[in-house]
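Subject: Structure for you to look at

Hello,

Here is the structure I promised to pass on. Please open it first, then read my notes below.

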Amino acid sequence: DKKSGLLVPPKRGDQIAEKVNWIIEHPEEKRKMELAAQRRFQTEFSFGIFRQGYLECYKKALEART
């Protein structure tokens, strides 16, 4: 929470409203979270990361067959 985004428990519309207001009131922190989220995406969820994971999975599957 407040590192690369904001967390809200399920079924808590009141907290969603609080978080939206917090974002509006804290533009600098919002920008920091945006940058952190972008960095996290690039290092953990980008196409290249997924491709590498799939390649490793397929290599292991092929090695297990032999």
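In what order do the elements of the protein run from the N terminus on? They run α-α-α. The protein has 3 helices and 0 strands. Both kinds of element are DSSP runs, numbered from the N terminus: helices are H or I with at least four residues, strands are E with at least two.

Two notes on the source. This is a predicted model, where local features need pLDDT of at least 70 and side-chain atom pairs count only at pLDDT 80 or more, while totals for chains, interfaces and linings use all residues. Residues are numbered from 1 along each chain as its sequence is written, and side-chain values use heavy atoms, with hydrogens and water left out.

**Overall shape**

The C-alpha trace spans about 60 × 25 × 15 Å along its principal axes. The radius of gyration is 19 Å, whereas a compact globule of 66 residues would have one near 11 Å. That radius is taken over C-alpha atoms, and the globule rule is 2.2 Å times the number of residues to the power 0.38. Buried residues make up 9% of the 66. Buried means under 20% relative accessible area, exposed over 50%, and partly exposed in between (1.4 Å probe, protein chains only).

**Helix 1 and helix 2**

Helix 1 covers residues 13–25 and helix 2 covers residues 27–45. They pack at about 105°, with axes 5 Å apart. Helix 1 and helix 2 are therefore roughly perpendicular (65 to 115 degrees; under 35 is roughly parallel, over 145 roughly antiparallel, the rest oblique). Axes are lines fitted to C-alpha atoms, for helices over the stretch in contact, and angles run from 0 to 180 degrees between N-to-C directions. W22, I23, I24 and E25 in helix 1 meet P27, E29, K30 and M33 in helix 2. Contact means heavy atoms within 4.5 Å.

**Helix 2 and helix 3**

Helix 3 covers residues 47–65. Helix 2 and helix 3 pack at about 20°, again with axes 5 Å apart. That makes helix 2 roughly parallel to helix 3. Here Q42, T43, E44 and F45 meet F47, I49 and F50.

K19 is in helix 1. Is K19 buried or exposed? K19 counts as buried, because its relative accessibility is 17%. Leaving aside neighbours within four places in sequence, K19 touches D1, L6, L7 and V8.

G48 lies in helix 3. At 29% relative accessibility, G48 counts as partly exposed.

Best wishes
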